[in-house]
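The following account leads the reader through a structure, from its overall make-up to individual residues. Please keep the sequence and the coordinates in view while reading.

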Amino acid sequence: MTLEQPLATAAPRTLAEAAELHLDDVFGYLLYLTRDRETAEDLAGSTFEKALRLWGRFDPRRGTARTWLLGIARTTALDWFRAESRRRRREESVAPPERVEEAFVEGLSPELEAALATLSAAEREVLVLRVVLELDGDATARVLGISPTAVSTRLSRALKRLEEKVTAP
Amino acid sequence: MTVSEIVDELRATRPRAGEALRLQVLTLASQPVPTAPPARDRLRGRLRLGLLVPVAAGLAVATAVAIGVTRPQETAREAGPSSATAERAADAATSAGTPPGTANAPSAAFAQKAPPGTTPGRAQRYVASLTLSVEDADALSEATQRALAIARDLGGFVASVRYATGDEGTASMTLRVPSARATDAVTRLSALGTIVAQNVQIDDLQESLDATGRRIEQLRARIAVLTERLGTDLDAATRARLQEERSRAQAELQQLRASRAATTAEARLATIQLDLRTEERGAAVPGSRIDRALDRALEVLAWEAVGALAVAVALAPLALVAAAVWAGRRAHRRRDESRLLGAS
């Protein structure tokens with residue numbers, strides 16, 4: 001297993017090319033973050049709408065298109081989390097909280113799916129970026145706005161917790 | 001299940017977007033990219049600031065150079081009257097054929113700002129003092145000779161002269177010229193060197209002369225009356241009293257006549273004290289136009305730097321507050337993100 005090999009991709013010249021190359025990455029990241037397929041699809045659409053408006057500012061010298069798109073996806077997701085937080089605070093006073101769908105990734109074993117559900121969004125996002133999407137430490141740090149050391153620490157903690165949950169009786 | 005197995009499973013089940021989402025996103029991404037915002041909007045943050053600093057510096061330098069080239073004389077004027085007058089005098093002296101050694105004489109400048117003169121028809125005391133610097137001992141000698149010649153040429157004379165040479169040559173002379181030509185004399189003398197200091201004082205004597213004249217007429221009339229009375233038959237005591245009174249009046253009349261003559265003489269001739277000296281080593285000598293332009297440009301740059309510093313000092317508290325607000329908002333955003341992602 002290696003976590004340090006980024007995907008070799010050529011720099012896309014248009015947003016359409018970037019979308020074709022990185023849509024799955026953006027969607028996967030949002031899916032792990034929100035644990036809801038429909039929400040992840042909505043947020044992916046919003047992400048590419050923003051990307052279309054901002055494409056003129058994309059500078060390949062400052063980072064890959066994938067990192068850039070994941071950064072936009074994260075901002076979009078944070079906005080959604082804020083809105084959700086406000087909505088929940090309003091609704092919790094009159095109705096019980098919604099049940100969260102546990103099976104959000106197709107093909108995962110039920111044990112791992114359940115273990116993933118116990119992680120926080122912060123832990124899941126570092127897991128998806130570093131493990132699932134195989135971004136290197138620097139790129140992940142850039143997307144999350146933290147240091148590479150913090151990325152390593154957070155990843156170790158997430159994997160350890162995941163291992164504990166999966167192996168727990 | 002080990003960490004390695006977890007990683008393998010996570011990678012094996014890497015999520016893929018559904019066809020509907022793929023179609024939607026690819027359709028969206030194929031649309032023409034909106035027109036790029038204006039260049040001004042694109043130059044954001046540090047880039048804009050990074051451009052602003054050299055542009056401002058370039059403007060400051062360009063302004064200083066422009067002012068220095070177009071108005072170099074400002075420096076000379078501010079450096080002192082001697083430099084300014086000497087500069088303007090140089091051209092005039094050249095055109096007037098002033099002899100060497102006095103080429104920097106400020107005759108033209110003095111002509112533009114002529115010293116005050118006496119009022120025609122009124123008796124006035126005119127006293128002027130003039131201090132000039134000349135290049136060297138040769139120029140000092142020549143200027144002294146010319147000053148004496150000017151006094152004679154204007155119908156005056158030299159009351160006193162003191163001339164000394166050494167490390168620093170000096171010449172000091174008192175000239176008397178007709179008051180009517182005093183202004184002309186000062187103007188011509190000013191052209192003998194660079195003006196270091198000058199002073200002109202005019203006192204009106206006409207009122208005093210008029211009063212003296214009236215008193216003289218009164219005394220004459222009184223003496224005539226007394227003389228007439230003394231020609232008649234008088235007792236001894238009266239004759240003696242009138243004779244004594246006439247003697248006093250005659251003495252006073254004589255004194256007043258002398259005083260009037262002295263005052264008239266004083267008003268007729270102006271006194272000009274002229275001091276000449278060689279220039280001190282290192283004294284400011286007007287440089288070339290390029291030197292003056294450079295001096296002026298540097299001076300403007302210095303003022304611009306002072307202005308920029310003042311603005312920076314004034315804005316520093318605001319900048320600190322802005323930085324604190326920015327840092328606070330950033331920290332708040334981080335905490336907000338941690339809270340949102342930690343709770344979800």
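The model is predicted; local features need pLDDT of at least 70, side-chain atom pairs count only at pLDDT 80 or more, and totals for chains, interfaces and linings use all residues. Residues are numbered from 1 along each chain as its sequence is written, while chains are lettered from A and ligands numbered from 1 in the order in which they are written.

Chain A contains seven helices and zero strands, where helices (H or I, at least four residues) and strands (E, at least two) are DSSP runs numbered from the N terminus. Its pattern along the sequence is accordingly written α-α-α-α-α-α-α. Of its 169 residues, 40% count as buried. A residue is buried if 20 or more other C-beta atoms lie within 10 Å of its own, exposed if 12 or fewer, and partly exposed in between, with C-beta atoms placed from the backbone. Two residues are in contact if their C-beta atoms, placed in that way, lie within 7 Å. Among contacts in chain A between residues at least 6 apart in sequence, 68% join residues at least 24 apart.

In soluble globular proteins, nonpolar side chains tend to be buried together. A nonpolar core is here a set of buried Ala, Val, Leu, Ile, Met, Phe, Trp, Tyr and Cys residues joined through C-beta atoms within 7 Å. The largest such core has 57 residues, and those touching the most other members are Val26(A), Phe27(A), Tyr29(A), Leu30(A), Ala44(A), Leu69(A) and Ala73(A). Helix H1 (residues 15–34) of chain A contributes the most to this core, namely eleven residues. Beyond its neighbours within four places in sequence, Val26(A) is in contact with Ala44(A), Thr47(A), Leu69(A), Leu70(A) and Ala73(A). Another core, of 27 residues, lies apart from the largest one and includes Ala143(B), Ile150(B), Ala151(B) and Ala171(B).

The contact between the chains takes 40 residues from chain A and 33 residues from chain B. On the side of chain A that touches chain B, H1(A) gives the most, with nine residues. That side divides into 23 nonpolar, eight polar and nine charged residues; Ala, Val, Leu, Ile, Met, Phe, Trp, Tyr, Cys and Pro count as nonpolar, Asp, Glu, Lys and Arg as charged, and the others, Gly among them, as polar.

Which residues of H7(A) are buried? They are Val151(A), Arg154(A), Ala158(A), Leu159(A) and Leu162(A). These residues cover an arc of only 130 degrees around the axis, which puts them on the same side of H7(A); the arc is that of the directions from the helix axis to the C-beta atoms. On the other side of H7(A), the exposed residues are Thr149(A), Ser156(A), Lys160(A), Glu164(A) and Thr167(A). The cover over the buried residues includes helix H4 (110–118), H5 and helix H6 (137–144) of chain A together with helix H1 (3–12) of chain B.

In chain B, two strands pair if DSSP finds at least two bridges between them. Strand S1 (residues 124–134) of chain B pairs with strand S4 (residues 194–204) of chain B in the antiparallel sense over ten bridges, and Val127(B) stands opposite Gln201(B) there. With strand S5 (residues 269–278) of chain B, S1(B) pairs in the parallel sense over eight bridges; Leu130(B) has Leu274(B) as its bridge partner.
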